[in-house]
Amino acid sequence: MQERTQKFRAENGQFFNGGVLTIVLSVAAVMGLVSLSGVATSFRLPGDHQGYEPVQPIAFSHRLHAGELEAPCQYCHFGAERSRYAGIPPANVCMNCHRFVTASRSAIRGEEQLAEKENREPRAVESPELRKLYDALGLGKELSAPEPGKQPRPIQWVRVHKLPDFVHFDHRPHVAAGLACQKCHGPVETMERVRQVENLSMGWCVNCHRGRTDSAVARSGLKPSTDCSVCHM
Amino acid sequence: MPKSTRKQDKLYIGGDQTADAIGAAVPRSVEAHRPPSPPVDQTPRQNRDEVSGVSRRSFLETLGFVFAGTMVAGCERGPVERAIPYLNQPPELTPGKPLWYASTCGACPSACGLLIKCRDGRPIKLEGNSEHPIFRGGLCAIGQASILELYDSQRLMEPFANGRKKAWPEVDAQIIARLGEIGRKGGKIRLLSETVNSPTLHRCIKGFLQKFPRAKHISYDAISVSAVLDAHERSHGVRVLPHYDFEKAEVIASFDADFLGSWISPVEFAKSYTAGRCLDSKQTSFSYHVQFEARMSLTGSKADRRHSVLPSDLAGLLRELGKLLSSQVSAGPPLPEKLDEEKKTPDHGAVDRRVLIDLAERLAGTQGRSLVISGSQDIEVQMLCNSINDLLGNYGATLDIERPSQQRAGDDAELDLLVRELEAGEVDAFLVLDANPVYDLPNGEKVAAALKATPLVVSMTTHNNETSAAAHFLLPIPHYLESWGDAEPVAGIPAVMQPALHPLGNSRSMSESLAIWSGAGKPVRELVELTWREIHFSSKTVGGRFQDFWDRTVRRGFAGLQPHPSAIVSPRQVSAAWDEEPLSHGEPGKGRSKDLLTLLLYPKVAIQDGRHAVNPWLQELPDPITKVVWDNYASLSSALAEQLGVKDGDIVRLNVGEVRHTLELPVLIQPGQHPKVVAVALGYGRMGTERFFAVGPDWFQKQLTVEKGQTLGGSAAPFVGMTSAGRRLHVQGVKIEKTHRQRMLARTQDYHSLELPKNVDPGAPPRPIVQETTLSAFLKDPTAGSQARHGPEANLWPRDHEYVKEHWAMVVDLTACTGCSACVISCQAENNIPVVGKDEVLRKREMHWLRIDRYYAGAGPDVAVTHQPMMCHHCDNAPCETVCPVLATVHTSDGLNAQIYNRCVGTRYCANNCPFKTRRFNWFKYSFENERENLVLNPDVTVRSRGVMEKCSFCVQRIAEARIEAKVEGRPMEDGAIVTACQQSCPASAIVFGDVNDPESQVSKNLKSPRKYTLLKDLNLEPSVAYLRVVRNRESSKVTGESHG
């Protein structure tokens, strides 16, 4: 055994003394430092998904709806004041408008101008993104009733804001306290595609509950609880 | 390129050598599995790195892969989660918000009113409907647990014909053809069901019988009360089950009727029983309850006086009581003289005559305000009860036979006839409507054999069972939470069942099937509506449109009506039946020897007749008296055990001379039991319990709950005495043989003791954990029974918790608590508590957050029993909090002792330091069998993972819900807005929860009760749970000392 160990040492000594090794190790060290510096700047705790901006099955624009058209958040996310979940709006809520609005204004204008040029009646214009909504509902050309033989399929949105399973978050008291949606969700009305702005970590929640941030909550005199059992139950 | 080759060459050599050297350091076992290396010189150089273990290149490759892997892992975002909203969301539904539906429990024919809590389209919790006039918001353990069976992955999901999966139209066509053929030939068609309390099913059966005039419907109950009905037929001319009212009864004499545990309608009886034992209102009314029984039943454990008597002595006792009464009650008609000729008080094992004289005096003093009942299946006993109740004028007061109960209507005589027909091969078509005669009946094997020879057997059932094994057609019926239906537990109070989710399988209700086969097929909803339109709505008292009445009923779950004229019975005067000869009917034990042992069969509180035996919640629910889980056993008195030379856990073989059946069961020594009685529970050995071999965590020391392929416990049903006059549950002449083998019984009582260990303070008196007093003492001094010890002289606990807003507390009234254990299952369903299996319970690792401790005091038959629910006491000075090194258990501003699972690292210091032993540790990841069972989980409560401590949270999720509701609506929280799961289901209304900072709250009032005491006062814990002292209606307290076991 002792003999073998000595052999091992001797040969490894030879190995580590090799010039190749020096090169390899120094390259690895440089690469490691470069990549580690990247890690250090974007260091995040497990479960921290700040900046998450997944591609959604339908390119729905919050900038257009909430920003430009000024639709109130709770018109679509009506669960926020009634339930713990704000909820993703069901397709029938979309259809309140999109039964009539089938394309963007510019697309319709373009078709009208084209029709004028070609001296014909303008055709119905349908946005390809809205077509995905209609397809999900099993609607054909006629939007008032489902097309026979067409199978409705629910839309599989990708969830952006997600808390761990051991956290119990309820939208209701936050809405009731008069907190703006943007406080947690960021300037959604400017986002083409929704992005997670805050890191939604416990420290971030607790800072607001403690009134350490310059939020509406702290100023309103509401004393949100910092008991563990408020969120962990 | 050549340069590089050379360099590589050099390294190759080094690599090889290194590999050899490293290989030497590899453990022997790995080395042994290494393929032998080919000789070095025969291998081409280029391939050397492949044959040797580790080379420089592979080393760097691995290094690089690990490095890159770590980088990638650091950046991963976890699985992409989809959010799938409705396409068209129903207006009443908001995701995340529970929806409640009123319905009726279908777990047994008692048909309690309940509310179904649905979250996002699936039922997750059942609660009693507090508006229901009969059940008043209670729901028993079985009802609570029945929700788990909804998601049972082993439920029957498709119809089968001769073992092959078939579609419904095909099944119908075949059955209709076969029935038609049998009908034309004039063959016998027999329908067998348990008690039909559903007016719709009743109507459909009637329709079927009209279509097939030679058909006959027989109903029976697995746990029969046929004798009560038969006795009323003889004495009153109508075969009805009276509707008992314990609230109005000031004296209750129960002769072996376990009305709080298993007899007829325990929830209803517990509600009215406790309502009649009220101590805290301005006028104290407290009934006197005396129990004569052979084994210690749940009801016996609550009785003010309990006497252990043989089941065969009940008739003699009642006769004696009747004689005494007839001499005292002058107004009533004297009892028939025949009674006087009968022999005197039974001499052996019977009670002192003074007891009967005392009881007779009490009964005579409370005429029209008393109740004499018996659970015996001896018609003579029941006739005597009827006579005594009639003599006392209790009919119309505490017993209602004009609006009778319809919860049990089985007819054992008819059943006996049917079995004879089956055995004679006379039955051509046998339709089983959700019944299991092969298991339930003593001659089940014969019935099974007879079914094999029957040309057409149709079994409608939720699960494969003993009877359906012989069926040609196996038809799935829906769980009661999936289907429309109705029930009428008491005449005039019909109730609706409504589906809370779309059926999970391809099932069809029995009413619908029968309607289709009799040519009037309709969806079951229409059938139910039609019944209500025709039967209930036609009552003139219901005004308005039917639709309004129907909508109102579905919303409320029940309707209070005048009973249908056909339901009102005209009772006949009692007495005529007395002339009939002979009332007794060849009892097997007539002319018996005094030394013979009696085998007493009984239904357990959670298992009953075994219909829910596949439910793991119920199997793991400790029996209220014996605290045994996951097994059947033979209960013996300590005297008999000593005589036989057996102790707890010794397996004995039971056999009864005439019955060719033996049963091997472990012994359990039961205080209070009659020394000549061996008591064995029914409902074990059920088909389908084989699945429990897989229950519990999988690890190397695991002991199986049941051996593979075996059923749980043994069936005692073959011992049931089946006579033409009824099935009786006691048999004389049982022989006990020792087998010299043992089986451990898992009991939850023997550990988690609050008592001070003997070695700590040998001379210390027992801690005053259970405090009790007598009614007379209580009336003199409401604080009687107090065993207050000196509190601490100095307080080391800092006053660092201010309860500015609320301070939650709970008060448990031990006088009211019957120990029925409904709260335990309610808590389990609400808080996602796992099932751990027998082995883990034996290792003291059961997970129930709420346990009920049972204490015996005194000795002999009159042993006093106290049930004490134990949950986390949420101490203001909590010992668990100070020892947690990671602050995973902390105090909240509203007085809760919060357990934070994501912070817990599992040191278990807190559990060690908890004097109440209410903390539970997740030794394993107790996952469910598969995903379908997981649908029952409450999404408001975290599912705990391995290595985490957990305990009662005072239903913090319900507190949060009520608080948020109040906040959103901008109002203060009202008292009673928060009802904990245990409190909600309690059939005795023993638990009150609320805010102590509100002086007007019920809990504050209860805390001011003179009966209030807290546990382990000398430890200065200031617990948030208090108890109200036990009061027994007896003259002198016999309590000498307490034993925990």
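**Close-up views of a predicted two-chain model**

**View 1. Surroundings of Leu599(B) in the largest nonpolar core.** When residues up to four places away in sequence are set aside, Leu599(B) touches Leu654(B), Val656(B), Val678(B), Val680(B), Phe719(B), His730(B), Val731(B) and Val734(B), contact being defined by C-beta atoms, placed from the backbone, that lie within 7 Å. This is a predicted model, in which local features need pLDDT of at least 70 and side-chain atom pairs count only at pLDDT 80 or more, whereas totals for chains, interfaces and linings use all residues. Residues are numbered from 1 along each chain as its sequence is written, and chains are lettered from A and ligands numbered from 1 in the order in which they are written.

**View 2. Gln619(B) in helix H21 (residues 616-619) of chain B.** Gln619(B) is buried because 26 other C-beta atoms lie within 10 Å, the criterion being 20 or more such atoms within 10 Å for buried, 12 or fewer for exposed, and partly exposed in between. Leaving aside neighbours within four places in sequence, Gln619(B) is in contact with Val629(B), Trp630(B), Phe692(B) and Leu712(B).

**View 3. The side of chain A that touches chain B.** Here 46 residues of chain A are in contact with 41 residues of chain B. Two or more residues each are given to the chain A side by helix H1 (2-17), helix H2 (19-41), helix H5 (91-98), strand S1 (157-158) and helix H8 (171-176) of chain A, where helices (H or I, at least four residues) and strands (E, at least two) are DSSP runs numbered from the N terminus. The largest share of that side, seven residues, comes from H1(A). Strand S1(A) and strand S1 (residues 82-83) of chain B run antiparallel and are joined by two bridges, strands being taken as paired if DSSP finds at least two bridges between them; within S1(B), Arg82(B) is the bridge partner of Val158(A).

View 4. S33(B) and strand S42 (residues 1025-1028) of chain B pair in the parallel sense over four bridges, and Asp813(B) stands opposite Leu1028(B) in S42(B). The 14 residues of helix H28 (residues 956-969) of chain B should span 20 Å at 1.5 Å a residue, and the end C-alpha atoms are 20 Å apart, which agrees; the expected span is 1.5 Å times one less than the number of residues. Just after H28(B), Gly970(B) takes a positive phi of about 65 degrees.

Notes:
Contact = placed C-beta atoms within 7 Å. Core = buried A, V, L, I, M, F, W, Y, C linked by C-beta atoms within 7 Å.
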